[in-house]
Amino acid sequence: MTAIVYLAGPGVFRPDAHDLAQAQKALCRRHGFEPLHPADPPASQFAARPAPESARIYGANLEMIRRADALLADLDPFRGPEADPGTAFEIGFAAALGKPVVGYVAAPDCVRQRVARLHGPIARCPDTGAWRDRDGNLIEDFGHPANLMLAEACAAIVAGGLEAALLWLRERDAALRAGLGTRAGESLRGFAIER
């Protein structure tokens, strides 16, 4: 049976959103996964009800996450140094349902490095040794490429984009099916960057 993956990320906001969605779905199929994408039309049950457009999109996306076996999340910065807030919500929803989540980033910068690059300058507090951004706010410094709540919700965060995440998931899925590990979401939880 083909595993179903939900593709979370801010690509739906890009000018080339339709073409990107088609390319991402084709890539998933090439790697043996059936994709569900937030750019897909809302499921008929949500399209038929009289609700504002945002409520239909919200309901359809949650239903797709429920149907998925796993969620793949684009954690690259979006409109600032952190991941898209909609993607963050979808990660939390999938994690609450017990679905394995695999995050992906283009480059394995940690949060501190990313904040310095996109929201700097940063400074180390002489009294505590903690890092602060240009507004004086504390910067998480756990070595994760995303906020700790996102990083800890992911079975892995891989560098290299969607294809790297698909390869990671396919490899782990094959190992689990061969009896070389336990279910994803149990032994695979925790943070890792793999290239």
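## Terms and basis

Buried means under 20% relative accessible area, exposed means over 50%, and partly exposed lies in between (1.4 Å probe, protein chains only). This is a predicted model: local features need pLDDT of at least 70, side-chain atom pairs count only at pLDDT 80 or more, and totals for chains, interfaces and linings use all residues. Residues are numbered from 1 along each chain as its sequence is written, and side-chain values use heavy atoms, leaving out hydrogens and water.

Rings of Phe, Tyr and Trp (its six-membered ring) pair if their centres lie within 6.5 Å; planes under 30 degrees apart count as stacked, over 60 as edge-to-face and the rest as tilted. The count is 3 aromatic pairs.

## Phe 13 and Phe 78

The ring centres of Phe 13 and Phe 78 are 5.6 Å apart and the planes meet at 25°, so this pair is stacked. Phe 13 sits in the loop between strand E1 (3–8) and helix H1 (17–30), and Phe 78 in the loop between strand E3 (70–74) and helix H4 (85–96), so the pair ties together parts 65 residues apart in sequence. Helices (H or I, at least four residues) and strands (E, at least two) are DSSP runs, numbered from the N terminus.

Phe 13 is partly exposed at 48% relative accessible area. Phe 78 is buried at 18%. The charged end of Arg 79 sits over the ring of Phe 13, 5.2 Å from its centre (cut-offs: NZ of Lys or CZ of Arg within 6 Å of the ring centre and within 35 degrees of the ring normal).

## The helix H4 pair

Phe 89 and Phe 93 are also an aromatic pair, stacked at 6.3 Å centre to centre with 15° between the planes. They are 4 residues apart in helix H4, about one helical turn. Phe 89 is partly exposed at 41% relative accessibility; Phe 93 is buried at 18%.
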